[in-house]
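Here is a walk through a structure, piece by piece. Keep the sequence and the 3D view open while you read.

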Amino acid sequence: MKKIIYILIGFLVIALNKPVLAKTGLPGLVRSGQYSKGTLHSIIQPDSIQQSLDSIYNVGTYPLYTPDLASGEGREIIQGYCNLCHSVTYITMQPPLPAATWEDAVYKMINTYSALIPEDETKQIIAYLQAHYTPETRRQ
Amino acid sequence: MSEEKVKVVSRRFLIKMIGGGAALLGLSKLPLALAQVSGQAIQQMPGFTGPDANPYWGAVGPFVVYPQKLPLIQITDRPVQLETPRHYFLTPFTPNAAFYVRWHLEGIPNAVNLSEWRLFVEGYVEKSMALTMSDLMKRFKSVSIAAVNQCSGNSRSRFQPRVPGAQWGNGAMGNALFTGVRLTDLLDAAGVKTGSVQVQFEGLEKGRGLKDSVSYRYLKSLSLNDPVINETIVAYEMNGEPLPMLNGFPVRLVVPGKFSTYWTKALTWIRVLDKPDTNFWMTKTYCVPDTPRGNTTPKDVKEGRVKMVPVGTMPIRSFIITPDGSGKIPLEMPIRVQGIAFSGSGRVVNVDFSDDDGATWSKAKLGEDYGRYSFRTWESIWIPKRTGNYVLAVRATDEKGNVQPDEGVWNPKGYLWNKIERQEVMVDVAQ
């Protein structure tokens, strides 16, 4: 029973995030013993990969850290076509861009970089980007 | 003091404070670098910045981990683009494990077999060559050069209006001691034919595009009559180590003073051309307006008044690395303000430091000189004499007399940013 009470107090201390047990009156000390929850494994420490004497210099795979696109009509089409040459991080990393700039960007992919996107899908891709990634529409 | 009075000051709150303060002072146009360390671990940076300029020193992406790399700032994940965090620039040489990464096409080498890989020297030459790494190390004289590698689009997120592209903060740059063989030694061994005009470079990087489409391969060329040809090396070593895979193993081109677009990674083909290279990567992108500083306006671009030319030499830049504004400074404490400076067109000969937003300047002390293409560290001992906010600024001058301007630049691709950098810091009482 005592144990449970101690554990509960422990949780309370963490939850309140205040030094309830440590009111010290130390000179000048304003706050101490305050912690907040962090996200474990958000940055992993990678192990070195096994090397072998085969003349191959190998570093393994490159991890993908691709954020979710805003949900909405056209998202699947975007993921299908854009992902062929690059991850959709190329969309989320941009600042909010004017509608016309997104349209230009999509046509650049088609006309300059030879992306094979049918006309209907092109229009849906542009509409999706304009619906979620302009200064007026961007939320995330 | 009661607990309630001491609220946890959030980063967002600080940004608003700084923003509000700046607006009050009429400084709203200043890109005051915000701190990116020592914040609340649970409070993430915003996922993006804009449509205003990025107020942070670096890009706002999360830290991510890649082979042979420390956690770096994510720009993109496929192909990989990673930014070096600010504090790695306290030293003149940027560690390989922290060196920024920028690829164009998704087919990036993961593994290279050196018993099959060759460096081909071909095209308009007397005798084509296929060299192993061992050939490069043993048959040719090895040379070393300290040189800054900077992405043409470094600091693109400062542009107003914002332009699409990798939204780099200031960390798309690094300085390393590169060791390898002179390009001219290779060209001499192959025998460049009379009538040759350029040399083209191609690496192992390949895209998913149709063969010979611009999204299949990345090609860059240098003119044979460009003086930089004599200083260009094919590097197999970076800071005394093999190149990290993400920085161009087995060898990369080092073109001192020029933007990184010419520093082909995983270099495999050196091709002498008898006609100028007109491929997309030379004539349609990595181009800047043919105007002073490459500056123009969206209007002039739209109306077709701008002639574009390939980007080339890096303009002079300097940076404040510490203090970074993540903590307050006690009054009258002597602070070692530290940073780096470099210029693509000549040795950095002077760095000026200001603690009053550039109204008055004093000479900073320069660090060791590792050659005209290297980072030059600088420092200034600064003793703040009053409490309150200060705007620190730094301005470099090179041996050709180029001085950093206090105006931004705008061009459609987001290249050549070199405005004077600033850092806001707060000084508080010490008694």
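Into which domains is chain B divided? Chain B splits into domain 1 (119-310) and domain 2 (317-428), with the bounds coming from an automatic or database domain assignment.

## Before you dig in

This is a predicted model, in which local features need pLDDT of at least 70, side-chain atom pairs count only at pLDDT 80 or more, and totals for chains, interfaces and linings use all residues. Residues are numbered from 1 along each chain as its sequence is written, while chains are lettered from A and ligands numbered from 1 in the order in which they are written.

## Where the two domains of chain B meet

The C-alpha centres of domain 1 and domain 2 of chain B are 29 Å apart. Their contact draws 28 residues from domain 1 of chain B and 19 residues from domain 2 of chain B; two residues are in contact if their C-beta atoms, placed from the backbone, lie within 7 Å.

On the domain 1 side, strand 9 (142-150) and strand 17 (287-289) of chain B are the elements that give two or more residues. Helices (H or I, at least four residues) and strands (E, at least two) are DSSP runs, numbered from the N terminus. Strand 9 of chain B gives the most to this side, with four residues. By class, the domain 1 side has ten nonpolar, 14 polar and four charged residues. Here Ala, Val, Leu, Ile, Met, Phe, Trp, Tyr, Cys and Pro count as nonpolar, Asp, Glu, Lys and Arg as charged, and the others, Gly among them, as polar.

## A look at B:Arg293

B:Arg293 sits in the loop between strand 17 and helix 5 (298-302) of chain B. The cut-offs: a residue is buried if 20 or more other C-beta atoms lie within 10 Å of its own, exposed if 12 or fewer, and partly exposed in between, with C-beta atoms placed from the backbone.

Setting aside neighbours within four places in sequence, B:Arg293 is in contact with B:Val409 and B:Leu416. As for B:Gln423, B:Arg293 is 130 residues away from it in sequence and 24 Å away in space, C-alpha to C-alpha.

## Two sheets in chain B

Strands of a sheet pair through backbone hydrogen bonds, either parallel or antiparallel. In chain B, five strands make an open sheet in the order 8-7-16-11-12, with mixed pairing; two strands pair if DSSP finds at least two bridges between them. Strand 8 (129-131) and strand 12 (217-223) of chain B stand at the edges with a single partner strand each, so one side of each has no neighbour in the sheet. Neighbouring strands here are turned by 20° against each other on average, direction ignored. Although it is an edge strand, strand 12 of chain B is mostly covered, with five of its seven residues buried. Strand 12 of chain B pairs with strand 11 (residues 198-206) of chain B over six bridges, in the antiparallel sense. In strand 12, B:Leu219 is the bridge partner of B:Glu202, and B:Ser223 is that of B:Gln198.

The other sheet is an open one of four strands in chain B, ordered 19-21-25-24, and its pairing is antiparallel. Strand 19 (317-322) and strand 24 (365-366) of chain B are its edge strands, each pairing on one side only. Two bridges link strand 24 of chain B to strand 25 (residues 376-382) of chain B, again antiparallel, and B:Lys365 stands opposite B:Glu379 in strand 25.

## Chain A against chain B

How many residues does each chain put into the contact? Chain B puts in 46 residues and chain A 39 residues. On the chain B side, strand 2 (63-64), strand 3 (72-77) and strand 6 (111-113) each supply at least two residues, and strand 3 of chain B gives the most, with four residues. That side divides into 24 nonpolar, 16 polar and six charged residues.

How values were computed: Axes fitted to C-alpha atoms, helices over the stretch in contact; angles between N-to-C directions.
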